[in-house]
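Subject: Structure for you to look at

Hi there,

Here is the structure I promised to pass on. Please open it in your viewer and keep it beside you while you read my notes below.

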Amino acid sequence: MTAPLISVIIPTYNSAPYLSEALDSVLAQTHTCIEVLVIDDGSTDNTAAVMADYTDRTVYIRQVRAGPSRARNRGIAEAKGAYTAFLDADDTWLPSKLEKQLSILQREPEVGLIYSRSVDFRDQTGEELRVYPKEMHSGMLFDLLLEAPLFGLPSVVVRTRVLKELGGFDEGLRTAEDTHLYLRIARNHKIIGVPDILVRRRIHDRNLSSRVDVDIGTLSCLDRIVKLFPETDPKIYPAMGRAYRNRGKDMILGYFHSGAYAACNQTAHRLLRLKIWDPCIMLYFFLTLFPRFFIKSGRFLWKQLPKA
């Protein structure tokens, strides 16, 4: 039996209401030489019943609840295709996604990863929202990926050998594990962007990426990249310094405005120890040295001031 050319990995956890739509969008691809690996990460809903309708067209693997990184890594370990694509169980693909991306990968052997545009849509109404990303980039994108996220995981196709050489996703990261993977790929491989919208991303109240604590993992992600690539230490690699500063500031502001003053102070202090200086970091470091009562009182008084 000929090995499938593209392995599609769909991790799922209690996403039964959306799973059929995701699977149907994969099985409707114009490129049909695929294997579909659904990794059930300990679902307690009727996911198994949904999958019963797809037994002849998919590989269904159940595991004890371990998180999306381990679920995706289980899929990578089982993948037989020369290329691997990822789809979240609540998102969908347009029919030509794999065909368009594969045609480029096959003629560009130096490319490790290819991505496309996505469009967000509202779960209840189907209303289309933002198209992401606005600007497309191709080439050696390590520094750009340090500055800002450029694409989402359901839009990418990766060479399977690259994934396996890198060991897949870092299961020690609670968030930003996809960014960590992109950075490891981008350090030594070219990345190409396809300007077409090939992914539809569902927006609903269970989206992990809409949770307020998502950014908490980003500095740990950068720490791991610096450990892997010491030449990117923020003290000597300007792009990494900017990444620590920008992501750290986002975390500081998020912590402060949610009342997590100790975490805000610790994050600011950590950045200052790395010699990452910024007026915002300094301000919130000193603000959060005061007792909690004074901080809350100061914030209340600030809100009462007349706005220009």
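Predicted model: local features only at pLDDT ≥ 70, side-chain atom pairs only at ≥ 80, totals over all residues.

Next, have a look at helix α4, residues 97-107. Its buried residues are Lys-97, Leu-98, Gln-101, Leu-102, Ile-104 and Leu-105. Viewed down the axis of α4, these buried residues fall within an arc of 165°, so they line one face of the helix. You will know the background: an α-helix has 3.6 residues a turn, so residues three or four places apart point the same way. Turn to the other side of α4 and you will find Gln-106 and Arg-107, both exposed.

The backbone has a few spots that I think you will enjoy. As a reminder, most residues other than glycine have a negative phi, and most peptide bonds are trans.

- Which residues does a cis peptide bond join? They are Tyr-132 and Pro-133, with omega at about -10°. Pro-133 is placed in the loop between β7 (128-132) and α5 (142-147).
- Asn-14 is not a glycine, yet its phi is positive, at about 50°. You will find Asn-14 in the loop between β1 (6-12) and α1 (16-27). Is Asn-14 buried or exposed? Its relative accessible area is 17%, and because buried means under 20%, Asn-14 counts as buried.
- Ala-176 is not a glycine either, and it has a positive phi of about 65°. Ala-176 belongs to the loop between α6 (160-166) and α7 (177-188). With a relative accessible area of 11%, Ala-176 is buried.

One last stop is Tyr-255, in helix α9 (residues 238-257). At a relative accessibility of 15%, Tyr-255 counts as buried. If you want to follow the chain onward from there, Asn-265 is 10 residues away from Tyr-255 along the chain, and the C-alpha atoms of the two are separated by 8.9 Å.

I would be glad to hear what you make of them.

Best wishes

Terms used
Residues numbered from 1 in each chain as written. Heavy atoms only, no water. Buried < 20%, exposed > 50% of the residue type's maximum accessible area, 1.4 Å probe, protein only. Helix = DSSP H or I, 4+ residues; strand = E, 2+ residues; numbered from the N terminus. Arc of directions from axis to C-beta.
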